[in-house]
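The sequence and the structure come first.

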Amino acid sequence: MNVKGVLKTRNSIIVPQILSYILILLIPIIFTGVVYFVTVGTIEQETNRANLAMLKQVQLNMDNILKDAERLSFDIAFNPDIQLLATSQETNWNNKQYEVSQIVKDFKRMNITNGYIHDFYVYLRSLDGVISSTAASRSHYMYPILANPDISFEEWIDVHQKVYSGRYISIGGQPASEEGSGALAYMRSIPLSNSEKSEATIVIQFNKERFTEMIQNIQSAQYGSTFILDTDNSILASTASFPITDILRVEELGEDENMLVKGQGGDSYIISYTKSDVSKLKYVSIVRREIVMEKSEFTEKLMIASIILCLILGGALSVLLAWRNYNPVRNLIRIIQNGKSRHPDERSGNEYQFIYEAIQETLREKEKINLKLKQQSSVVKADFLHKLLKGKFGNISVRHNAFSAMDMEFTSDGFVVMLLAIEDKGKLLSLGTGDDVEAKSKLPSFVITNVFEELLGQRYKNFVTEMDEKIVFIVNLQDPEAAEPVQELINITDELQRFFEKYYGMVLTVSVSDAHTGIHGMQEAYQEAAEALEYKMIAGAGTIISFQSLKHNVREYFYPLEKEQKLVNCIKSGEFEKGKQLLDDIIRSNFMDGTPTAEMTRYFMFDLASTVVKTVKEMSAEEPVERLFGCETVAELQEEITQTLSVVCKRIQYKTGNRSYELSRSITEFVNSHYGDVNLNVAMVAEHLGITPSYMSKLFKEQTGETLPDYINKVRLEQAKVLLRDDKLSISDAAVRVGYLNSNALIRSFKKYEGVTPGKYKE
């Protein structure tokens with residue numbers, strides 16, 4: 001698809017893209033124009049601020065100068081000699097020559113440190129005289145010395161006879177509002193307290209050239225002119241060569257500082273002004289606008305050139321970028337087209353519409369697939385957990401994408417695995433007529449899972465599956481470093497057991513692994529929980545078994561041949577109480593002080609059950625003893641063996657009678673008390689009981705399943721074993737004490753019944 005072909009395609013997106021780029025290009029151009037006009041305004045404002053700063057500097061200097069003039073005027077006004085002359089009614093100047101001379105001396109002593117003050121004098125109205133620091137005389141004599149040639153004597157006298165409360169004026173020069181060449185002076189009338197009548201006038205003359213020079217020095221960096229106006233808007237000082245009225249009317253100046261722009265084009269001016277709160281004088285700065293904007297003209301030309309250049313280059317770049325950005329869309333359409341029957345050029349909308357329709361169709365297909373996956377999610381998730389716990393995924397991380405796909409997000413890498421076996425489903429499995437058996441059978445697991453998750457709450461995140469008819473809880477620890485997380489889970493499980501036992505009559509057996517980290521640790525935790533659950537045969541159903549409590553139970557079971565033979569004898573002789581006590585002792589010796597491993601426990605249970613089954617079968621009994629092999633716990637096996645012993649012993653006792661039972665017991669008691677007699681034999685026992693040896697031997701064999709000589713030898717051997725454990729006793733001494741003639745007889749019996757010599761046993 002070439003450019004011409006794309007442009008001819010109806011509703012193609014490339015044309016709007018080009019227009020969009022051009023529109024975006026116009027934004028900075030418009031923004032540049034706005035920035036230019038804002039810049040012009042900013043330049044004017046900056047010019048105004050610079051002018052105001054200059055005016056403020058001029059104002060500050062002027063205020064300091066004028067304050068010195070005011071202080072000097074107060075010193076003169078409060079001079080007692082001046083006050084006496086001013087208020088005196090004397091009109092004859094000659095009569096006051098002494099007082100005048102004293103005042104001249106006082107004026108000479110006054111130190112004028114301000115270089116801007118040229119001179120000062122006092123005009124006395126009643127005497128029509130003038131006193132200065134250098135001379136004193138009548139007014140018409142002092143007029144040529146003190147007055148400006150531009151003002152007449154009458155005008156000069158009229159200026160001095162007015163009332164002043166402290167004012168700056170220009171004596172002489174041009175009319176108001178024009179720059180004058182007259183002298184700049186500070187005027188104050190005496191007395192100070194009378195604002196209606198002037199008896200004398202204090203005049204402090206300033207060096208006007210110094211003022212102009214000071215202003216020119218301050219505005220040296222400015223390209224304008226500065227004016228100082230009094231309260232009547234008359235010009236006191238100026239650096240301009242033109243009158244201010246050529247630019248503006250002074251009435252246009254407000255009371256507060258501000259900026260004005262007057263004129264048009266090349267004759268426009270930027271006018272800044274301010275007013276002193278101390279002297280009440282106005283300070284005006286006038287700058288030609290074309291001088292200020294001279295640099296901005298270059299900026300304006302540069303901006304216009306850059307706009308034209310941007311339009312040319314930006315337009316070409318817009319087309320290039322639009323085509324470049326269109327290429328991925330075109331390639332995407334080609335990819336989509338491979339799976340579509342309709343050609344993209346036949347679409348009703350643009351390329352995006354074509355892609356949108358393709359994506360919508362894909363999403364609909366995905367939704368169908370997700371629906372099918374959701375229907376099978378429980379099975380898939382269960383299979384995933386089975387393989388995970390059995391280590392079929394290798395060494396993967398808890399952050400693996402497979403867990404996200406299965407909606408399994410872990411809060412940490414710490415895990416504890418718990419296995420729960422339902423021993424008795426209680427009330428939850430009671431079926432009514434028409435109940436769904438399959439759904440009903442799943443109800444206990446469903447209820448247990450929900451209740452357990454509720455008990456775990458927000459603290460533990462867990463995942464559940466079923467393996468080998470057991471519910472598996474994978475508990476994700478929130479804080480793997482927390483103390484005793486296993487004990488807390490055991491407490492929660494205990495609450496779960498009590499709840500279901502109380503309300504539903506269910507019996508639950510639970511095993512808990514240790515805490516582990518990582519996926520490998522999760523698999524190890526599952527193996528620990530499975531191993532702990534095997535100890536149900538020892539702990540019994542309905543218990544909580546933690547792997548931690550089994551870590552040191554690794555010994556083998558204890559079931560020696562002599563114990564087995566004694567149990568066989570008790571069964572054959574029908575001695576229930578003795579057999580039950582022996583059974584209890586055998587089990588207690590294995591599980592009282594420790595617990596064998598689960599594997600050893602299974603061997604022990606099989607060995608013990610085999611003894612009973614084999615003995616009962618030899619006696620041709622009809623009891624169904626095979627059920628002993630179906631026992632799952634040691635307690636259950638103990639109970640079944642006890643019941644078997646009871647039934648078998650009752651049958652034997654009933655068959656032989658109580659007398660025979662009492663006779664066999666008497667025989668065993670006599671042997672147990674006389675085994676140390678070397679003469680003990682069958683004849684001696686029969687003589688003691690008053691029966692024939694043959695009858696006694698037959699009866700004893702029927703009751704115990706062994707001959708009397710064998711029983712005598714076994715009793716002697718048991719006692720010999722006890723004596724041989726004493727290191728100080730020799731084999732010969734032990735043989736004599738248990739009824740043997742010498743050590744050789746003991747050695748022969750040991751080899752026959754124990755398979756080893758006494759010396760070997762003693763070691």
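Why is strand E7 (residues 224–229) largely enclosed by the rest of the structure? The model is a predicted one, and in it 5 of the 6 residues of E7 are buried, so the strand is largely enclosed.

| Partner of E7 | Sense | Bridges |
|---|---|---|
| E11 (residues 282–288) | antiparallel | 6 bridges |
| E8 (residues 235–238) | antiparallel | 3 bridges |

On the E11 side, Gly224 stands opposite Val287. On the E8 side, Ile228 has Ala237 as its bridge partner. E7 and E8 form a hairpin with 5 residues between the strands, and Asn233 in this hairpin has a positive phi near 65 degrees.

The protein as a whole has 763 residues, of which 43% count as buried. Its secondary structure consists of 26 helices and 17 strands. Of the contacts between residues at least 6 apart in sequence, 64% join residues at least 24 apart. The accessible surface is about 41400 Å², and carbon and sulfur atoms account for 52% of that area.

The average pLDDT is 77, and 86% of the residues score at least 70. The pLDDT is below 50 over residues 1–8, a stretch with 14 contacts in the model beyond near neighbours in sequence. Residues 173–180 also have a pLDDT below 50, with 19 contacts beyond near neighbours in sequence.

How values were computed: Residues numbered from 1 in each chain as written. Predicted model: local features only at pLDDT ≥ 70, side-chain atom pairs only at ≥ 80, totals over all residues. Heavy atoms only, no water. Helix = DSSP H or I, 4+ residues; strand = E, 2+ residues; numbered from the N terminus. Buried < 20%, exposed > 50% of the residue type's maximum accessible area, 1.4 Å probe, protein only. Contact = heavy atoms within 4.5 Å. Areas by Shrake-Rupley, 256 points an atom, 1.4 Å probe, with all protein chains shown as cover. pLDDT = per-residue confidence, 0-100. Pairing = 2+ DSSP bridges.
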